[in-house]
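Colleague: I have a chain open on my screen and would like to learn how to read it. Can we go through it step by step?

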Amino acid sequence: MNEQHPIENLMGTTMENLRNMADVNTIVGTPVTTPDGSTIIPISSVSYGFAAGGSDIPSKRTTETKGFFGGGSGGGITIKPVAFLCIKNDGSIQLINMDSERSDIEKISEAIPSAIDKIVETINKNKKEKNSDKKNRMSRKNSESMPDDPEI
């Protein structure tokens, strides 16, 4: 029968405890709704560290090849909040980065939602202006084609 080595037990217990400490809800946190109806979702960075080791120590008192086992394992986890995703009532989304040492790509990705909002706003404004101009032209054209004093 296959006997389980003691180091497997140590590693299994440590890994299970680490798994229980951090799940997906640790990385993307539980959404929080503010009184004004906005939703804030915390985003965290999770780092794991793990080590295990052991040795079969032969016994001086017996002639058996099987000795004593000495071993240990340890692990750690670091959870660092890195950003907050804010979803406002009007549907706009903003990423608030907590890390002061941001890369250019992170800065660009933060600017994209507000840039899209501004582009959509500009397009809508231009459409309204064109429609308004068109109505004004149509109104002027109609008033020019009608005589001021119609003859009866």
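Modeller: Start with the terms. Helices are DSSP runs of at least four residues, strands are runs of at least two, and both are numbered from the N terminus. Keep in mind that this is a predicted model.

Colleague: How many helices and strands does the secondary structure of the chain come to?

Modeller: Counting uses those DSSP runs. The total for the chain is 3 helices and 4 strands.

Colleague: Which element has the lowest mean pLDDT, and which the highest?

Modeller: pLDDT is the predictor's confidence in each residue, from 0 to 100. The chain as a whole has a mean of 76, and 76% of its residues reach 70 or more. Where pLDDT is low, the predicted coordinates should not be read in detail. Among the elements, the lowest mean, 73, belongs to helix 2 (residues 24-27), and the highest, 90, to strand 1 (residues 32-33).

Colleague: What is the order of the strands in the open sheet?

Modeller: The sheet holds 4 strands, and their pairing is antiparallel. Its order is 1-2-3-4.

Colleague: Which strands stand at the edges?

Modeller: Look for strands with a single partner strand. One side of such a strand is left without a neighbour in the sheet. That describes strand 1 and strand 4 (93-97).

Colleague: Over how many bridges do strand 2 and strand 3 pair?

Modeller: Strand 2 covers residues 39-57, and strand 3 covers residues 68-87. They pair in the antiparallel sense. One example is Pro42, whose bridge partner in strand 3 is Phe84. The number of bridges is 19.

Colleague: Over how many bridges do strand 3 and strand 4 pair?

Modeller: Follow some opposite residues. Phe84 faces Ile96, Leu85 faces Leu95, and Ile87 faces Ile93. The pairing is antiparallel, and the number of bridges is 5.

Colleague: Which residue takes a positive phi in the hairpin of strand 3 and strand 4?

Modeller: This hairpin has 5 residues between the strands. The phi in question is near 90 degrees. The residue is Gly91.

Colleague: Is Leu18 buried or exposed?

Modeller: Leu18 lies in helix 1 (residues 6-21). Its relative accessibility is 4%. Buried means under 20%. So Leu18 counts as buried.

Colleague: What separates the C-alpha atoms of Asn9 and Ser73?

Modeller: Asn9 is placed in helix 1. Asn9 is partly exposed, at 49% relative accessibility. Asn9 and Ser73 are 64 residues apart along the chain. Their C-alpha atoms are separated by 9.9 Å.

Colleague: What share of the residues in the chain is buried?

Modeller: The chain has 152 residues. Its accessible surface is about 12600 Å², and 55% of that belongs to carbon and sulfur atoms. Buried residues make up 11%.

Colleague: Which residues make the nonpolar surface patch of about 350 Å²?

Modeller: One of its members is Ile116, found in helix 3 (residues 104-145). Members of a patch need over 30% relative accessible area. Ile116 is partly exposed, at 45%. The patch is made by Ile108, Ile112, Ile116 and Val120.

Terms used
Residues numbered from 1 in each chain as written. Predicted model: local features only at pLDDT ≥ 70, side-chain atom pairs only at ≥ 80, totals over all residues. Heavy atoms only, no water. Patch = residues over 30% accessible without salt bridge, like charges linked within 9 Å, V, L, I, M, F, W, Y side chains within 5 Å. Areas by Shrake-Rupley, 256 points an atom, 1.4 Å probe, with all protein chains shown as cover. Salt bridge = Lys/Arg side-chain N within 4 Å of Asp/Glu carboxyl O. Buried < 20%, exposed > 50% of the residue type's maximum accessible area, 1.4 Å probe, protein only. Pairing = 2+ DSSP bridges.
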